[in-house]
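Here is a friendly walk through one model, for reading with the structure open beside you. Please have a look at it first, and then follow along below.

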Amino acid sequence: MTGTELTHGTEWWRTAVIYQIYPRSFADANGDGMGDLAGISARLPQLKDLGIDAIWLSPFYTSPQRDAGYDVSDYCDVDPLFGTLDDFEVLQRTAHDLGIRVIVDIVPNHSSSAHGWFQAALAAGPGSDERARYTFRDGKGQNGELPPNNWESVFGGLAWTRTTDSDGTPGQWYLHLFDSSQPDFDWDSEWVREQFRAVLRFWLDRGVDGFRVDVAHGMIKAPGLPDYTPPAEGGSMGGAPASALEPGITAETPLTAPYWAQDGVHEIYRDWHKVLAAYPGDRVLAAEAWVDPLSQMAKWVRPDEMHQAFNFAYLETPWNAARLKAVIDESLEAFGNVGAPSTWVLSNHDVVRHASRLALTGENLQGHGIGPKTVGLPDTALGLRRAKAASALMLSLPGSSYLYQGEELGLPEAVDLPDHAREDPTWFRTNGERYGRDGCRVPIPWEAASESFGFSTGAKSWLPQPAEWAGLARDQQDGVAGSTLELYKHALTLRREHSLASGTVEWIDGFGPEVAAYRNGDVTVVANTGAASVQLPAGDVLLSSEELVGRTLPGDATAWLRSVEA
Ligand code: GLC
């Protein structure tokens, strides 16, 4: 697409590159140190220049910001921190004029405890209709002093908080799979379902191109809310199902967490599918569903449900050729079986940035963050090499890719954040045992010589930016051969020119166990995950994540070549 017109009826999302904007940390137009919608609008031409097709905006709705905006207190308004509904209109119009589509976040598993609905539930008391909209239960024990079950919050600690009745005595408990400021809805309530249909329509009426659905594997809980102890190796967001072989797992233990991936969620998405289908254009639902294996996750993108699901199995795959080949095959098969495109993703606002993650030598610390005391901190140069190579592989794959702001600059995780600056509830709920996600949320650098590296019109940035990021600022990379930014731009141009996103994967053997090589139409991709260099096959080199020595691809590098007919 050349730019200014958005074509409809094309199922654009099947091949799109979607760029995640984290509004708090993208660009700050009013100088308060917190990113905002006007800041985003002003920077959109630079995203056009990068070559993306759509943006996904993390929440900018009214919120006490206890979980960085994933605690929504009004789903149909903009938090003054980020601007106004008019600012949103401007942002969307600017994006659409540039040929960029706009996806917004929706957070249906829970609201903020400050939401009027929850406040009304507290006020109305046990047994009321208002309470039936959330997950309130009486406690166990003689006086209800024990939580209703043993569930733990994803952010650490109990998943239940006890309320206090109007006369000051302890009352019922409410469920919060996340922070205590994020009470879970009860999706058995038709009233809740109707409210969310209305929220979807509110944004669809304003012209959004779709929704990224937060915790799309949550929402429905197993009847009776049975006790559950998650497997030691599973992520707290779900993923690995409990293995019957694990110590402590008995015949009675449910193998899937009773709060994740319950069958009832699919009915909700079939309903939402219909809501979107009533609007012109190709509006899209993208699931954040941490479900293993991929064949299960693919249920979220059956033809009458959502359109895309984030491929977290791919994100969690180490930089290893055999593992990558396996997950790529599995993804194409699982999503292909239901007629959906695969997605690919390496970073987002919840995980350690891949420029650090891919060179971590310690245990798997995905969702828990890294910080100064983490064992096995990455070698930054190696991390960046691997990140460039991994991104070059990802952007060659058929399907849709998600980018997270700053990865096109090769930003690493900010490891040395001072304790007092941290905001992630995970940090507080685990007494600093888990660093949480602040390290991937630091405001991004635009101009090396400006205060706050051009993130803000002022000097402040809500999380401090590492001094070394001056060298990674966009203006230091723009037009500079060999920079990470130019690699991304070039990859996105070639991806379009060679229709890679609608192509296929044909593996090529013969490069040894540390290389994943394949052919996608007229392009051959060689990803070398080992340290030793490999000889490239015949064909003009189109792109390389590292400088080549003759026709030799160094270790931890990826190259694209024009395929030569055998
Ligand atoms: C999702 C969001 C994450 C948030 C959580 C609770 O996982 O991506 O940032 O903390 O949901 O809403």
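## Around the ligand

A polar side-chain atom of D67 sits 2.6 Å from an oxygen atom of the ligand. E288 places a side-chain N or O atom 2.7 Å from a ligand oxygen, and for R437 the corresponding distance is 2.9 Å. A polar contact here is a pair of N or O atoms within 3.5 Å; within protein, one must be able to donate a hydrogen and the other to accept it, and residues adjacent in sequence count only if both atoms are side-chain atoms. On its own the ligand would expose 300 Å², of which the protein buries 99% (accessible areas come from the Shrake-Rupley method with a 1.4 Å probe; for residues, only the protein chains shown count as cover).

There are 15 residues around the ligand, and D67, D214, E288, H349 and D350 come nearest (a residue is near if one of its heavy atoms lies within 4 Å). This shell is made up of seven charged, five nonpolar and three polar residues; Ala, Val, Leu, Ile, Met, Phe, Trp, Tyr, Cys and Pro count as nonpolar, Asp, Glu, Lys and Arg as charged, and the others, Gly among them, as polar.

## How to read the values

This is a predicted model, where local features need pLDDT of at least 70 and side-chain atom pairs pLDDT 80 or more, while totals for chains, interfaces and linings use all residues. Residues are numbered from 1 along each chain as its sequence is written, and side-chain values use heavy atoms, leaving out hydrogens and water.

## The nonpolar cores

The largest nonpolar core holds 155 residues, and I55, F211, W272 and W560 have the most contacts inside it. Such a core is a set of buried Ala, Val, Leu, Ile, Met, Phe, Trp, Tyr and Cys residues joined through side-chain atoms within 4.5 Å. Helix α4 (residues 190–205) gives the largest share, seven residues; helices are DSSP runs of H or I with at least four residues, numbered from the N terminus. A second, separate core has nine residues, including A517, L553, A559 and L561.

Is L204 buried or exposed? L204, in helix α4, counts as buried because its relative accessibility is 1% (buried means under 20%, exposed over 50%, partly exposed in between; 1.4 Å probe, protein chains only). Beyond four places in sequence, L204 is in contact (heavy atoms within 4.5 Å) with F211, V275, L276, Y279 and R283.

S41 belongs to helix α1 (residues 37–50) and is buried too, at 12%. Leaving out residues up to four places away, S41 touches D87, V90, L91 and T94.

Definitions and conventions:
Helices (H or I, at least four residues) and strands (E, at least two) are DSSP runs, numbered from the N terminus.
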